[in-house]
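Subject: Handing over a structure

Hello,

I am passing a structure on to you, and I hope you enjoy looking through it. Please open it below before you read on.

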Amino acid sequence: LAQVMSDAILHPLEDIARLDEERANFEQLGDFDSVIECTIQQLALWKVLYGLDEASVEQLVEAHLRLSKAYAAGKYRQQAAEHAKRGRILLERVFDDGVSCRLTAQVLAAEALALMESPDSPDTGNQSVSVARVADLLKQALRATQEAFGEQDLRVAEILENQGVVATSQQQYAVALGKISEAWEIREAAVGKDNEQTLKLNIQMAHVHSLAGEIQDALRLQEAAVARLRALDRFPALLIAAAQRLAEWQEQVGQDHDALETLEVAEKVVVDNCGLDDPRAAKAKRDIALLHLKLGDHQAALKYLADVEYLERRLHGASSLAVGRTLKALGTVYMVSSNVAEAENCFVGALAIFESHQKTQVVEEIKAKLHHLEVLKGH
């Protein structure tokens, strides 16, 4: 530990650069907690540099704002707001008007993001106030950012994206699509159409179309995004999420075989990039099993559900509700397949789990199924 601390003090800029690379890798995997950890370490290093008069207050403010953004992405609202606040407090030490304007724009954007990523729940009665506050902060941030950095700056694109999210939450779909399209044009010109954030905007537009009931437009954009992500093979987390959502829409319009192929793509990407211990592997296999069941392929469904049970035992423990639900599903498929012995084994295992968790309604359902199996054995 002493050696690590010594290295950090002697070579903080090298450590910051190393952590930048690690952050980028974790972001591609969607591992927000690890992104936060890297950003916390970077902030600590910037504080060391600032204490040694080798970094400016501007750099320290920006480090706080990067951490605020990382916390917001991980849905840690309180911590995100705290570091945005610290950034604003540090602004009092900035006496250059130009620098102050640039930092103020970034603080406003961070304050809005901290509120937006985890809005008040509807039952608090404060959601409309929160949305209005976010919208106002984003409006201020957009104006300040355009004045400080220019209308084609990527920071402007990010604010437009967030305005699109707010408009979507208010069911203002035409407004949302307009904001997202503006952001896409800026990103496409600045970093290209194959940049991860540019691709995310295509996916965001597809989502808005789906919410607006324009499912064919949503499918067209999402299919194109998934195809491009597969070709690039650089953004696994984005591809997994995009493929899973595409499969949902394909199933929704009756394209069950296409949905199955799409889910198999998501499963392969999860396993290849994140391993079987990633919770997304169990989810992908469960979704595939349900589609096989819907298509009448009971044997394939059983195979995937057995995989899900094994993974969930590793992830959550043998007595977890997740395992209980999977055993119940396995028992149902075995029962439909007339394999009474296996069905009974699965239902007995599920019953023990749900009884231990005092899930009365599910317990009664399983007992009814076991009774039905006894009747079948009697015949």
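What follows is a short tour of what was found in it.

Some ground rules come before the tour. This is a predicted model, in which local features need pLDDT of at least 70 and side-chain atom pairs count only at pLDDT 80 or more, while totals for chains, interfaces and linings use all residues. Residues are numbered from 1 along each chain as its sequence is written, and side-chain values use heavy atoms, with hydrogens and water left out.

**The overall picture**

The protein has 18 helices and zero strands; these are DSSP runs, H or I of at least four residues for helices and E of at least two for strands, numbered from the N terminus. Along the principal axes, the C-alpha atoms fill a box of roughly 90 × 55 × 45 Å. The accessible surface comes to about 19,500 Å², and 51% of that belongs to carbon and sulfur atoms. These areas come from the Shrake-Rupley method with a 1.4 Å probe, and for residues only the protein chains shown count as cover.

Of the 379 residues in the protein, 43% are buried. Here buried means under 20% relative accessible area, exposed means over 50%, and partly exposed is in between (1.4 Å probe, protein chains only). Among contacts with a separation of 6 or more, 55% are between residues 24 or more positions apart, where contact means heavy atoms within 4.5 Å.

**Charges and salt bridges**

There are 40 positive and 58 negative side chains, and the centres of the two sets lie 3 Å apart. Lys and Arg count as positive and Asp and Glu as negative, with His and the chain ends not counted. Each charge is placed at NZ of Lys, CZ of Arg, CG of Asp or CD of Glu.

Side chains of opposite charge can pair when their charged atoms come close. The structure holds 26 salt bridges, each being a side-chain nitrogen of Lys or Arg within 4 Å of a carboxyl oxygen of Asp or Glu.

Is R23 buried or exposed? R23 counts as buried because its relative accessibility is 13%. D20, at 38%, is partly exposed, and so is E27, at 37%.

D217 counts as partly exposed at 30% relative accessibility, as does R220 at 47%. Elsewhere, a network of salt bridges links E267, K285, K303 and D307.

**A negative patch**

E223, D258, E261 and E264 form a negative surface patch. Patches are made of residues with over 30% relative accessible area and no salt bridge, with like charges joined within 9 Å and nonpolar side chains (Val, Leu, Ile, Met, Phe, Trp, Tyr) within 5 Å. Which helix gives the most to this patch? Helix α13 (residues 256-274) does, with three residues. E223 sits in helix α11 (residues 215-232) and is partly exposed at 35% relative accessibility.

**L29 and its contacts**

L29 belongs to helix α2 (residues 12-29) and is partly exposed, with a relative accessible area of 30%. Beyond its neighbours within four places in sequence, L29 touches P236, A237, N273, C274 and R280.

**Two loop residues to look at**

D53 lies in the loop between α3 (32-51) and α4 (57-73). Its phi is near 60°, a positive value in a residue other than glycine, and D53 is exposed, with a relative accessible area of 71%. D233 lies in the loop between α11 and α12 (236-252). Phi of D233 is near 55°, also a positive value in a residue other than glycine, and D233 is exposed at 60%.
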